[in-house]
Amino acid sequence: MKDRILSVMQHEGLTSARFAEIIGIQRSAMTHIMKGRNNPSFDVILKILSNFPDINTDWLIFGKGTMLKSQSQQNITQAQDSEPDLFKNMPIFSTESTVAPEKRPEIELKSPENPIKEIVIEELKSPEKITRKIDKIVIFYDDKTYDTFILEKTDGD
């Protein structure tokens with residue numbers, strides 16, 4: 001990948017220091033990448049792609065295709081122009097049914113009683129209500145202190 005990054009730098013006419021400045025990384029990190037000590041992190045790759053939007057992502061990451069997106073698009077267009085269109089003379093299919101209405105099978109939508117369905121409906125109609133009451137509130141502050149508030153019980157509780 002370092003060779004592809006070097007190709008981007010050469011294409012843009014940038015030094016390693018200027019390239020690092022543009023993508024927003026330390027020059028030392030760029031030096032480590034160029035010398036092969038470190039592989040570029042995902043963050044560095046994203047920074048390259050966001051600062052150089054014409055760079056083909058597949059080329060930069062996997063080495064597939066061409067360096068510039070415009071070149072890749074031209075290659076795809078040229079390939080499409082040189083290949084025969086397999087679907088050019090195909091008939092267009094209709095969304096209408098080919099089965100005549102009188103020959104369509106009737107579907108019975110009614111179903112016998114389903115006891116499982118009834119149980120689910122009953123559970124939905126009468127859910128058990130869980131009543132909970134606040135007993136204590138603890139507030140934590142950013143200076144590592146806290147306050148505890150204990151609620152007083154009333155006769156209704």
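Is Asp-43 buried, partly exposed or exposed? Asp-43 is partly exposed, with a relative accessible area of 42%; buried means under 20% relative accessible area, exposed over 50%, and partly exposed in between (1.4 Å probe, protein chains only). Keep in mind that this is a predicted model, where local features need pLDDT of at least 70, side-chain atom pairs count only at pLDDT 80 or more, and totals for chains, interfaces and linings use all residues. Residues are numbered from 1 along each chain as its sequence is written, and side-chain values use heavy atoms, with hydrogens and water left out.

**The whole chain**

- You'll find 7 helices and 2 strands here; helices (H or I, at least four residues) and strands (E, at least two) are DSSP runs, numbered from the N terminus.
- Going along the sequence, the pattern reads α-α-α-α-α-α-α-β-β.
- Of the 157 residues in the chain, 16% are buried.
- Take the contacts (heavy atoms within 4.5 Å) with a separation of 6 or more: residues 24 or more positions apart account for 36% of them.
- The chain's accessible surface (Shrake-Rupley method, 1.4 Å probe; for residues, only the protein chains shown count as cover) is about 14,000 Å², and carbon and sulfur atoms hold 54% of that.

**The two strands**

- S1 (residues 136-140) and S2 (residues 146-150) pair up in the antiparallel sense over 5 bridges; strands pair if DSSP finds at least two bridges between them.
- Phe-140 has Tyr-146 in S2 as its bridge partner.
- The S1 and S2 hairpin has 5 residues between the strands, and Lys-144 takes a positive phi near 70° there.

**A nonpolar patch**

- Ile-134, Ile-137, Ile-139, Tyr-141, Phe-149 and Leu-151 make up a nonpolar surface patch with about 530 Å² of accessible area together.
- Patch residues have over 30% relative accessible area and no salt bridge; like charges are joined within 9 Å, nonpolar side chains (Val, Leu, Ile, Met, Phe, Trp, Tyr) within 5 Å.

**Salt bridges**

- The whole structure has 2 salt bridges, each a side-chain nitrogen of Lys or Arg within 4 Å of a carboxyl oxygen of Asp or Glu.
- Arg-18 bridges to Glu-21, with the closest N and O atoms 2.9 Å apart.
- Those two are 3 residues apart in helix H2 (residues 16-23), so about one helical turn separates Arg-18 and Glu-21.
- Arg-18 is partly exposed at 39%, while Glu-21 is exposed at 55%.
- Lys-47 bridges to Asp-43, with the closest N and O atoms 3.5 Å apart.
- Both Lys-47 and Asp-43 belong to helix H4 (residues 42-51), 4 residues or about one turn apart, and Lys-47 is partly exposed at 23%.
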